[in-house]
Amino acid sequence: MGHGCVRRFPAPSPPMVLAAVLLFLHLLSGADAAGTAVTWRPWAKTQSLNATDFRFGGSKKYEGSSEFVHLRYHMGPVLTENITVNVIWYGTWQRAQKKIIREFINSISASDNRRPSVAGWWRTVTLYTDQTGANISRSLYLAAEKNDRFYSHGKKLTRLSIQSVIKSAVTAKSKPLPINPKSGIYLLLTSDDVYVQDFCGQVCGFHYFTFPSIVGYTLPYAWVGNSAKLCPGMCAYPFAVPDYIPGLKPLKSPNGDAGVDGMISVIGHEIAELATNPLVNAWYAGTDPVAPVEIADLCEGIYGTGGGGSYTGQLMDGQDGATYNMNGIRRRFLVQWLWNHVLSYCTGPNALDQ
């Protein structure tokens with residue numbers, strides 16, 4: 001891997017007013033009637049933006065810092081024991097694609113990665129505690145995997161049918177996924193030919209928990225889809241750009257797969273929120289648990305120093321021209337920052353002031 005250098009973008013105009021940003025994030029982070037917490041990537045869908053709009057924003061020491069953000073603990077459980085990630089590969093997945101995602105998950109607890117590292121990014125998550133003062137676990141690892149290559153529930157999934165997919169995986173007669181309601185999370189990943197309710201038009205991923213009436217257990221889960229064929233300009237930005245933004249060129253993805261490299265940040269977003277708010281009654285801002293604003297929602301679209309609004313922040317370029325902001329075990333990744341409730345600003349391992 002090439003050694004990265006700081007990437008700087010011109011800043012011809014000031015950042016948008018913070019209050020507008022917070023309102024924007026609140027609106028985009030809302031849940032639908034099914035109650036799932038969703039993630040947006042990474043700007044409002046508007047036809048009036050152009051390439052210049054995506055390069056504004058001066059350098060700020062503390063990205064997204066604000067005294068107006070009141071992220072509070074609502075006394076629900078968080079994942080303080082060793083976290084196990086159980087993956088369901090739904091649809092057709094290439095071996096190389098799986099390797100990229102597996103390494104990102106395994107990099108979260110790796111201690112010897114080159115800085116800035118994925119493990120350094122996870123340290124922000126471990127600052128959060130439960131009501132006993134116990135911190136979220138530093139240990140997170142890939143526990144089990146299940147392939148559903150024959151599209152057992154079809155190529156069009158609803159939010160409820162996603163729970164049926166999970167039920168099939170944990171109750172399968174052959175090699176079922178382990179059932180771990182206390183510290184397990186279940187990650188359903190759909191291939192690029194699968195459409196999920198609200199995908200592309202509204203969301204790139206979401207998390208919630210399964211209903212005992214459907215699955216038999218209450219299990220924290222997340223869904224993330226590969227947008228490569230359906231909407232890469234929305235969910236794989238900045239490795240793909242929307243057609244309605246003239247003059248903006250996509251950046252080179254660090255692992256040679258724009259769809260999967262775009263998924264990585266959404267996967268990180270959802271795993272971080274599952275750890276801090278697994279049953280949607282722990283850490284979030286606002287008063288409505290149906291539409292919580294969580295630790296990744298508050299930093300949506302911020303990947304480096306100076307980030308905010310529609311500007312990603314200062315990133316790094318490898319010798320091969322690929323753009324990233326943190327290192328895994330062997331690979332590089334681009335992952336959004338997270339809200340640090342101790343300092344009240346968005347933080348990431350590639351911050352220039354660290």
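**Buried strands and aromatic contacts**

The model is predicted: local features need pLDDT of at least 70, side-chain atom pairs count only at pLDDT 80 or more, and totals for chains, interfaces and linings use all residues. Residues are numbered from 1 along each chain as its sequence is written, and side-chain values use heavy atoms, with hydrogens and water left out.

Start with strand 4, residues 83-90. Strands here are DSSP runs of E with at least two residues, and helices are runs of H or I with at least four; both are numbered from the N terminus. Strand 4 runs parallel to strand 5, and eight bridges join them. Two strands count as paired if DSSP finds at least two bridges between them. Strand 4 also pairs with strand 7 in the parallel sense, over seven bridges. Along this pairing, T84 stands opposite G184. Y90 has T190 as its bridge partner.

How many residues of strand 4 are buried? Eight of the eight are, so the strand is largely enclosed by the rest of the structure. Buried means under 20% relative accessible area, exposed means over 50%, and partly exposed lies in between, with a 1.4 Å probe and protein chains only. In a regular strand the side chains alternate between the two faces of the sheet. In strand 4, I83, V85, V87 and W89 lie on one side, with T84, N86, I88 and Y90 on the other. Both faces are covered.

Strand 7, residues 184-190, is also largely enclosed, because seven of its seven residues are buried. G184, Y186, L188 and T190 point one way. I185, L187 and L189 point the other way. Strand 7 pairs with strand 10 in the parallel sense over five bridges.

Now turn to the rings. A search of the whole structure finds twelve aromatic pairs. Rings of Phe, Tyr and Trp (its six-membered ring) pair if their centres lie within 6.5 Å; planes under 30 degrees apart count as stacked, over 60 as edge-to-face and the rest as tilted. F206 and W223 have ring centres 5.2 Å apart and planes at 45 degrees, so this pair is tilted. F206 lies in strand 9 (residues 205-209) and W223 in strand 10 (residues 220-225), so the pair ties together parts that are 17 residues apart in sequence. F206 is buried, at 0% relative accessible area. W223 is buried too, at 0%. Elsewhere, F104, W121, W122 and F333 form one aromatic cluster.

What sits over the ring of F206? The charged end of R159 does, 4.4 Å from the ring centre. A charge counts as over a ring if NZ of Lys or CZ of Arg is within 6 Å of the ring centre and within 35 degrees of the ring normal. K155 lies over the face of Y151, at 4.8 Å from the ring centre.

The loop between strand 9 and strand 10 holds P212. This proline is partly exposed, with a relative accessible area of 48%. P212 and Q163 are 49 residues apart in sequence, yet 10.0 Å apart in space, C-alpha to C-alpha.

Finish in another loop, between helix 3 (118-122) and strand 5 (140-148), where L127 lies. L127 is partly exposed, with a relative accessible area of 34%.
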